[in-house]
Amino acid sequence: MKKFSALLVILLVATIITGPACAQEEDVLIFATGTDDLITLDPGWAYESTNLTIHHAAYDTLLNVSTDDLSKIVPNIAKGYEMSEDGLVYTFTLREGLEFASGNPITAEDVRFSWTRLINLKGNPSFYADPIAAIEVVDDLTVEVTLKEPFPAFPAVTTTPAMSILDSAVVIEHGGTDAEDAAETDTAKDWLDQNSAGSGPFILTGWVPNAEVTLVRNDNYWGKPPAFARVIIRDVNDANTALQQLERGDIDITDFTDPDLIAQILANPDLEVAIGQSLNLNYLAMSPAPSPGAEGSEPWIAPLWEKKVRQAIAYSIDYTGILDGLLQGYADRPAAMLPLGVQGSDPSARYERDVEKAKALLAEAGYPDGFGGLVLSIGTGAPGGVPNETIAAKIVADLAEVGIQVTVEQQPTSNFLTAYRAQELQFLFAGWTPDYLDATMWSDYFSYPDAGPAYRIQLDSETIADLATQAAFETDPDTRTELYTQYQNAHVDEAVFVPVIQAQSVYAMRTEITGFAYNPVYFIDFYSITRAGE
Amino acid sequence: MLLGISLGLFVIYNIVQVDPLVMIVGERAMNNPQIVEAAIEKWGLDRPIWEQYLTYVTNLVRGDFGRSFLTRRPVTEDLALYLPATVELAITSLLFATLVGIPLGIVGGIRPGSLLDRLAWSLSLLLASLPPFWSGLVVLFVFYYHLGVAPGPGRLDPRMTSPPQVTGLFTLDALLAGDTAACASALHHLMLPTVILGGFTMALVLRVTRASIIEEMRKEYIRTARSKGLSERAVVVQHALRNVLIPLVTILGLAFAGLLGGAVMTETIFDWPGLGQYLVRASSNLDYPAIQGGTLLIAAIYILVNMTVDILYGILDPRVRHE
């Protein structure tokens, strides 16, 4: 026994001293991030966040969003598309001679299979395909998609990773099907969790939950070969240790940073920071209704149903204090629920803090001394690394200055969303993350009394709804921009949704990493990245 | 007993009013009634509560813990994935605690007040009183970041991929796959978290050993042994230590169960994908099947360890056997 333990100690000490003596020959890119949101890597089922980056690396969509101009759609494996005059039929033409990683040719049938499977799985991302009425294969390289009604955002929708084109032969071989009962009979998920069946620059070769996702170079890729032989997405959950790993060169890029750590990153000559302007909004919502949505419920105490009171609140918030003080300047904000960078968004119309004006508006509304009884509801979360409760405390203090007394009620996010959905909340702070980059991603949800957050907060404005519809179906780009700006200004006047934070993602990386470009849909494109000196 | 725990958990869950639906289908998809309907049917959320519980218990008996709302995988699969990381760390921590704690405790117990005893005593005080969320960060900062002698967080070198899962213990799996580099890396990565997690148990073992040795050495049978002319070594190892083993086994049993369930802080700091992290995430998301599955597993481990300890008593102490 004693000899055994002595041996063990020697063994342990030896490994401490020598460490792993393994040197990797091939060039590996290590990206450290929080991967605990991953549930599945099957593009037909996944509806989280980290999977978007992985799917973008392993799969191709017909079209892409230009990283330089988010309102521009560029060709990808489709050369282009044509829209019929009535806006109902889209005809996509595939590039010739393209192959999947497996060597199978990419055909119109694969497009039909992938999208039909997405629809019939009835999973969380299936709603992307909601506008589709029929998909018809015209020939090997042409596919015709008929929509239920005109939907100018459709090309933008096809760029989302859930609409990726899968290698139908490989998926079927592993139990996949596009049959109507695919929700019950498709068994490809387990395989697609660990492997990919796409044509992207990388191939998924493994996923260990809460540890790592491994991608290897697709030697069959139709573009120029990717720079890295392997990409490992490694799970981290502490910003301090992630930074230590980055400084020591154990990892190459991380988005797991804290605003507080940025000064330390900038002080290190081996590291640099890249800012990605996300399209995620965190907003205040104020119900224009006098009471919760359920019939017979008690009316609310605070008079938010007065437009002037809502405007007064919007004028009272110290936005600069929140963005520069709490988020250290790593955030911005638009005027209404149309983020900066999206068609028609114009920040010049946004509310700025003006305490005198807020007090005057309160007086005009009949509340010269302010009022009490207002409850600010929040869920759990931390936009830009700052907890909701900290932001809520700042808002409470700002409103107290104009005489409005607010108490904060925090709940687990699932409960908060349930209450919001049931129209039970009068005043709240919540977030909105887009799935594709067309302005309808916001105007469809924040405009109509029967849909999305507009329903939940009981917004019922004909002006806003009309402008949202007109803008959505306008096909002339300039007129559409103009209509969206009008739509935005109508929202500013109504002051039901007031955006407070449009977060920026901070990426810290080694200086030898080049070619990083942030994309608000899939965040990071491993294909564009290279390591300098190679 | 396990049934009681499962019922308790079920009642608590239904008192805390939660709507798992939003979590299952996601915010945006709630707008699509087809998806919502499919989810309600798939997860049985439309059935009465008693029926949900009955289904749950029936499945439990068949070894089916249900599906996690969060990961969508069967909870049994999840536990099989996360438990081995925790078990591996718990085993090395327990080894560290016994291999360091017992010898130091014996030395201190034989010569209380000596320099070595005082050093060991201070070390145990230090390890027992520092909270892991602090000491973990400090050892990483010093040994990994500054000196570069220890590896960083995680179970393996960041550039390596995990060995194919057989047991889930990376050291073993790497050996089975014939990958000695990965095995060395896995052992290497176990060092710091082992010291941090095992530190408290080590202090406990050291103190119990020391106190028991001091007590035993004063007893008459030791004087008898000595008067028989036995060497001091034989007196301590063959006579005193045997009697020290009983309290030690009790502590080690409880400590092992505790190491399995209570390593959350260490797991977080060292990016260790273990049971603690899994359960914390499940709790903060009200992922009820996962919470219940994990809690039942820990309860079962406690029961199993206690049974083992009881059996060990019988082996170690003949008096227990007679009763």
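Predicted model: local features only at pLDDT ≥ 70, side-chain atom pairs only at ≥ 80, totals over all residues.
**Stop 1: the interface**

Colour chain A and chain B separately. Then select the residues where they touch. Chain A puts 59 residues into the contact, and chain B puts in 51. Together the two chains bury about 4900 Å². Carbon and sulfur atoms account for 54% of that area.

Now pick A:I39, A:Q244 and A:R248. These three supply 12% of the area that chain A buries against chain B, more than any other three residues.

**Stop 2: across the boundary**

Show side chains for B:R159 and A:D252. They meet in a salt bridge, at 4.0 Å from N to O. The count between chain A and chain B is one salt bridge. Polar contacts are there too: 11 residue pairs across the interface, with both residues at pLDDT 80 or more.

Stay on the side of chain A that touches chain B. Several elements each supply at least two residues to this side, including helices α1 (2–18), α8 (239–247) and α14 (413–421) of chain A. Strands contribute as well, among them β1 (28–33), β8 (202–208) and β10 (230–235) of chain A.

**Stop 3: a four-stranded sheet**

Hide chain B and look within chain A. Select β4, β5, β7 and β6 of chain A. They form an open sheet in the order β4-β5-β7-β6, with antiparallel pairing.

Zoom in on β5 (residues 89–94) and β7 (residues 142–147) of chain A. Five bridges join this antiparallel pair. For one of them, select A:Y90; its bridge partner in β7(A) is A:V145.

**Stop 4: a pair inside a helix**

Go to helix α7 (residues 189–194) of chain A. Show A:D193 and A:K189. Their side chains meet in a salt bridge, at 3.6 Å from N to O. The two residues are four apart in α7, so about one helical turn separates them. Over all chains, the whole structure has 27 salt bridges.

**Stop 5: one strand, two partners**

Select β12 (residues 271–286) of chain A. It pairs with β17 (residues 497–510) of chain A in the antiparallel sense, over 12 bridges. Click A:A274 to find its bridge partner in β17(A), A:Y507.

Finish on A:N282, which stands opposite A:G431 in β16(A).

Notes
Residues numbered from 1 in each chain as written. Chains lettered and ligands numbered in written order. Heavy atoms only, no water. Contact = heavy atoms within 4.5 Å. Buried area = accessible area lost by both parts, 1.4 Å probe. Polar contact = N/O pair within 3.5 Å; in protein donor to acceptor, adjacent residues only side chain to side chain. Pairing = 2+ DSSP bridges.
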